[in-house]
Amino acid sequence: MNGFAIACDILSKIYKEDAFGSIELNKRIGGASNQAVVTRLVYGVLQKDTELDYYISKLTSKRPGRSEAVLLKAGLYCLKYMDSFPDYAVVDETVEMCEKIGKRQLKGFVNGVLKSFIANGKTVELPKDRIGLLSVETSVPSWLVKAYVKQYGYDKTKEFLSVGEFTKEHIRNNSRVWTLNQLKSSLDEHNIQYIESEAGGLFVDNTGYIKELNAQGKVTYQSMTSMLAVQALELKDGEKMLDACAAPGGKSVYARELADVDITACDIHEHRLDLIRAYAARMKTDGIKAVLCDAAEYNEGFDSGFDKILCDVPCSGLGVANKKPDIYLRASMQKVEELSKIQYAILSNVSRYLKSGGRLVYSTCTTLREENYNIVGRFVKENPAWHIVRHKIYLPDGKGCDGFFIAVLEKNG
Ligand SMILES: C[S@@+](CC[C@H](N)C(=O)[O-])C[C@H]1O[C@@H](n2cnc3c(N)ncnc32)[C@H](O)[C@@H]1O
């Protein structure tokens with residue numbers, strides 16, 4: 001089973017050392033011949049984490065330690081979802097991994113768990129309650145399913161949690177380099193099919209040619225909803241714009257393409273300012289000033305200084321968990337509550353930087369109202385000079401739309 005040991009090692013870093021899935025994968029698999037298997041196994045286990053955890057809870061009398069849980073998850077995933085591996089090979093390889101990680105005393109235990117899963121027809125008794133059942137069926141943590149059902153109702157929750165994986169990428173043309181029609185002609189010449197999105201970007205398969213165009217700055221990977229958030233600012237030439245939480249700079253760079261605006265792009269992390277500069281350089285964009293600044297702290301120099309403000313706040317990222325499944329490993333209601341305090345502090349502070357008659361867009365890539373409507377709703381309630389022009393929650397639809405929230409706020413003149 002080529003790649004199993006590497007995948008287990010990567011998973012162990014993610015589960016035990018809190019490494020990020022995509023970063024760890026990129027570090028380890030570049031050019032490897034078994035790249036496809038390792039990627040499938042790592043992403044597969046992360047995507048099915050809640051389901052696999054449930055299987056383990058039903059197949060064992062005592063919760064296993066983290067090292068053996070990682071091996072069991074990899075083994076159970078292969079047995080359930082990777083038909084190309086014979087069952088005996090999966091069991092042998094997983095048992096052998098105990099030896100490799102210095103836990104030979106666990107060989108019998110791991111062997112027993114996997115064999116009883118096989119003997120049981122590769123299933124276990126499913127939860128009787130509908131939240132628990134939906135949680136296992138969609139592999140989304142039960143605390144989150146519960147919160148979603150409270151917010152959206154059961155049917156809608158089931159619908160958006162059950163959408164299949166969408167494998168295409170959304171790209172945006174760089175109109176500074178060539179026109180959208182030129183990009184389309186070039187894609188036609190390379191036999192690359194595309195579907196135009198409601199934001200004006202294109203859904204494409206991420207072929208080598210697309211990667212090349214991205215590296216050359218002729219296109220950039222940017223989600224449809226990210227583009228919509230910038231469009232919601234309705235930028236006009238000559239305006240001053242603040243991007244309060246800007247790194248890596250995707251929205252600032254797009255804003256400069258939409259209009260000749262003067263942009264101050266802030267971030268709290270110095271090293272992330274370099275990402276903004278690198279993004280702007282790749283996309284041949286000028287007019288963006290990257291500034292180190294905590295958006296939750298008052299900066300007198302910014303007071304009433306901007307016509308437009310983008311508040312793309314740090315969030316739990318639950319709306320993009322389909323693409324980054326390790327987001328579920330890190331999320332909890334407590335973290336959502338902590339984030340919501342930061343989000344409110346950022347919005348309240350940054351609102352002071354808007355000129356009267358200006359516009360502020362608040363956005364997140366998450367789907368819980370605690371980080372979305374509750375923030376802007378509380379803000380306008382406590383600040384009567386402000387009103388919400390419109391707001392919209394986007395839910396994953398399996399056709400390229402991520403979970404995302406956009407609220408347009410204005411201060412009365
Ligand atoms: C959702 S990301 C922004 C993505 C960016 N707008 C884009 O489209 O490329 C949130 C960013 O906020 C930054 N951040 C977190 N807390 C902040 C704070 N208090 N002030 C300013 N930036 C902050 C993070 O470092 C992160 O880069």
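Helices and strands here are DSSP runs, numbered from the N terminus. With that settled, keep in mind that you are looking at a predicted model.

**Stop 1: the ligand.** Select the ligand and the residues around it. The shell holds 19 residues, and the closest are Cys245, Ala247, Gly250, Ala295 and Asp312. Now colour helix H14 (250–258) and strand S6 (262–267): each of these elements supplies at least two residues of the shell around the ligand.

**Stop 2: the domains.** Zoom out and colour the chain by domain. You'll want four selections: domain 1 (4–125), domain 2 (132–161), domain 3 (169–220) and domain 4 (226–411). Keep domain 1 and domain 4 on screen; their centres, taken over C-alpha atoms, are separated by 38 Å. Even so, there is contact to look at, with eight residues of domain 1 meeting five residues of domain 4. On the domain 1 side, pick out helix H2 (21–29) and helix H3 (35–47), each of which supplies at least two residues of the side that touches domain 4. H3 gives the most to that side, with three residues. Colour the domain 1 side by class and you get four nonpolar residues, three polar and one charged.

**Stop 3: H9 and H10.** Next, select helix H9 (residues 142–152) and helix H10 (residues 154–161). Their axes are 7 Å apart, and the helices pack at an angle of about 125°. The crossing of H9 past H10 is right-handed. Show side chains for Val145, Tyr148, Val149 and Tyr152 on H9, then for Tyr154, Lys156 and Thr157 on H10; these make the contact. By class, the contact of H9 with H10 has five nonpolar residues, one polar and one charged.

**Stop 4: H17 and H18.** How do their axes cross? They come within 10 Å and cross at roughly 40°, and H17 and H18 are therefore oblique to each other. H17 passes H18 in a right-handed crossing. The contact of H17 with H18 divides into four nonpolar, four polar and one charged.

Terms used: Residues numbered from 1 in each chain as written. Predicted model: local features only at pLDDT ≥ 70, side-chain atom pairs only at ≥ 80, totals over all residues. Near = placed C-beta within 6 Å. Helix = DSSP H or I, 4+ residues; strand = E, 2+ residues; numbered from the N terminus. Domains from an automatic or database assignment. Contact = placed C-beta atoms within 7 Å. Nonpolar A, V, L, I, M, F, W, Y, C, P; charged D, E, K, R; others polar. Axes fitted to C-alpha atoms, helices over the stretch in contact; angles between N-to-C directions. Left-handed = near helix turned anticlockwise from the far one by under 90°. Parallel < 35°, antiparallel > 145°, perpendicular 65-115°, else oblique.
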